[in-house]
Structures are given as structure tokens and as C-alpha cells.
Amino acid sequence: MTDTTGATGAPAPRGLQTFRDGDFPYYTLTFVLGPDPAELLLRMGADPDSLALRDGIDLEEDFPDDLLDDEQPVVTTGTDNGWTWAWEQGGAHGLDERVLRAVSAGTEAVVLHHNEDANQFKHAADGTVLADICDLLPFEPAGTEPSRLTRCLRPLGFLPGGPVPLHGLLSLAESAFGLGLTVPGVVDDLRTSGRLRPLPQ
């Protein structure tokens with residue numbers, strides 16, 4: 001992630017520190033290696049007619065009542081460190097295994113979800129969920145190959161049967177994959193965004 005400087009002249013937070021420090025009661029972050037922002041949103045099921053470059057003001061004007069909608073989430077994208085990310089402020093489409101299969105086809109993806117009750121982490125490659133960790137339960141990763149992350153987990157305090165460390169899933173995403181997200185500015189920071197269609201029942 002490229003160093004950026006905020007309006008105060010202080011360096012912008014690196015990695016995912018913003019999500020430790022900020023007031024984000026609900027979000028889903030989907031990171032995929034390779035695709036451009038528009039392609040990622042289309043893989044996630046975005047309405048093609050909703051895709052456009054917008055800043056924060058444009059988002060408020062185009063989706064005044066829908067920014068936090070969970071049925072048809074509004075998603076903003078960007079690229080940091082070669083990973084393209086999609087940020088749902090009110091939805092959890094990225095956690096859906098059908099979406100995860102689509103976005104990770106031919107590549108790999110990491111999803112981080114946070115709500116008032118729990119945090120969840122998923123890592124997938126070529127449509128297969130390799131690791132799935134939720135902090136509602138004692139640490140016992142699911143997925144087909146969670147051992148891929150073993151070398152990163154123990155130094156971060158993940159112990160079998162123990163609690164998931166505070167902010168541990170954010171730290172895992174940073175440590176294992178180098179993930180980061182440069183939060184878009186409100187004015188004149190244009191990012192591809194759009195509305196996801198409802199998930200099939």
C-alpha cells in the first residue's frame with residue numbers, strides 16, 4: 001500500500017488499522033488478487049448499470065437511503081498492494097460461498113466480516129474455501145486447508161481451543177497476505193462503486 005498523507009499532514013494508517021481505530025459497527029471487506037475494480041464488482045453480482053466512478057458525496061447523492069442496505073449493498077472498491085478490495089458498509093455478500101467461489105475463480109480471495117456480535121475470516125482459492133475462522137467460538141479453523149496459515153497464526157496468539165485474539169483476524173489478513181485498504185476520501189477521491197443485486201434464495 002502506498003503511503004498517503006491526510007489533511008493534517010499525518011501519514012494515513014497502513015494496513016487495516018483504520019478498522020481497529022474507527023467506528024465501523026458493520027462491514028464486509030472482500031480482497032481478491034488480480035481483477036480490476038469493475039471486474040470484482042461484476043463477479044460479486046453487481047448491477048452493471050450501477051457501476052460508476054464516485055466520491056463520497058456522489059455516493060450519498062446516488063444512494064441516499066441505500067448505503068447501509070443489506071439486501072442490495074452499495075460497494076466501493078479500490079486496489080492496494082496488488083489486491084483489489086470491495087467494501088460493503090451494510091451487507092455481507094462477500095461471505096456467501098457462491099460469491100466467494102465466483103470471486104476466487106482462477107485466483108485467491110480473503111473476506112473479513114465484522115458485526116456487533118462476531119468477526120469472521122475466510123480464505124479461498126479457485127473456488128474452494130481453504131480457511132474459515134469465526135471468533136464466536138474457541139479457535140478451531142474450518143476449511144479444506146487451514147494449515148496453510150499455521151506459520152502466521154501462532155505468533156499472533158491463535159492457540160487451539162483458545163479465544164481468537166482481539167483484532168486477530170485483521171492481524172492475520174495483514175501478516176499472511178499483506179492486505180491493506182486506503183480509505184477513500186469524501187471529496188474528489190473517485191473510486192468504482194455500485195449496487196450488488198440480491199443474493200438468490
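Analyst: We will go through the labels one by one, each with its rule. This is a predicted model, in which local features need pLDDT of at least 70 and side-chain atom pairs count only at pLDDT 80 or more, while totals for chains, interfaces and linings use all residues. Residues are numbered from 1 along each chain as its sequence is written, and side-chain values use heavy atoms, with hydrogens and water left out.

User: Why is V186 called exposed?

Analyst: The cut-offs decide: buried is under 20% relative accessible area, exposed is over 50%, and partly exposed is in between (1.4 Å probe, protein chains only). V186 has 55%, so V186 is exposed. V186 sits in the loop between α6 (168-177) and β8 (191-195). Helices (H or I, at least four residues) and strands (E, at least two) are DSSP runs, numbered from the N terminus.

User: What makes I57, V186 and V187 a patch?

Analyst: Patch members need over 30% relative accessible area and no salt bridge; like charges are joined within 9 Å, and nonpolar side chains (Val, Leu, Ile, Met, Phe, Trp, Tyr) within 5 Å. A salt bridge is a side-chain nitrogen of Lys or Arg within 4 Å of a carboxyl oxygen of Asp or Glu. I57, V186 and V187 form a nonpolar patch on the surface. Together they have about 260 Å² of accessible area, a value from the Shrake-Rupley method with a 1.4 Å probe.

User: Why is the pair of F19 and F24 called tilted?

Analyst: A pair of aromatic rings is described by the distance of the centres and the angle of the planes. Rings of Phe, Tyr and Trp (its six-membered ring) pair if their centres lie within 6.5 Å; planes under 30 degrees apart are stacked, over 60 edge-to-face, and the rest tilted. By this rule there are eight aromatic pairs. In F19 and F24, the centres are 4.9 Å apart and the planes stand at 40°, so the pair is tilted. F19 and Y27 have centres 4.8 Å apart and planes at 55°, so that pair is tilted too. Ring pairs link F19, F24, Y27 and W87 into a cluster.

User: What makes F19 buried or exposed?

Analyst: Its relative accessible area is 6%, so F19 is buried. Y27 is buried as well. F24 has 23%, so F24 is partly exposed.

User: How do you know that β6 and β7 pair?

Analyst: Two strands pair if DSSP finds at least two bridges between them. Strand β6 (residues 119-125) and β7 have six bridges, in the antiparallel sense. F121 stands opposite I133 in β7. Five of the seven residues of β7 (residues 128-134) are buried.

User: Why are β2 and β7 at the edges?

Analyst: The open sheet of eight strands runs β2-β8-β3-β4-β1-β5-β6-β7, with antiparallel pairing. β2 (52-54) and β7 each have a single partner strand, so one side of each is left without a neighbour in the sheet.
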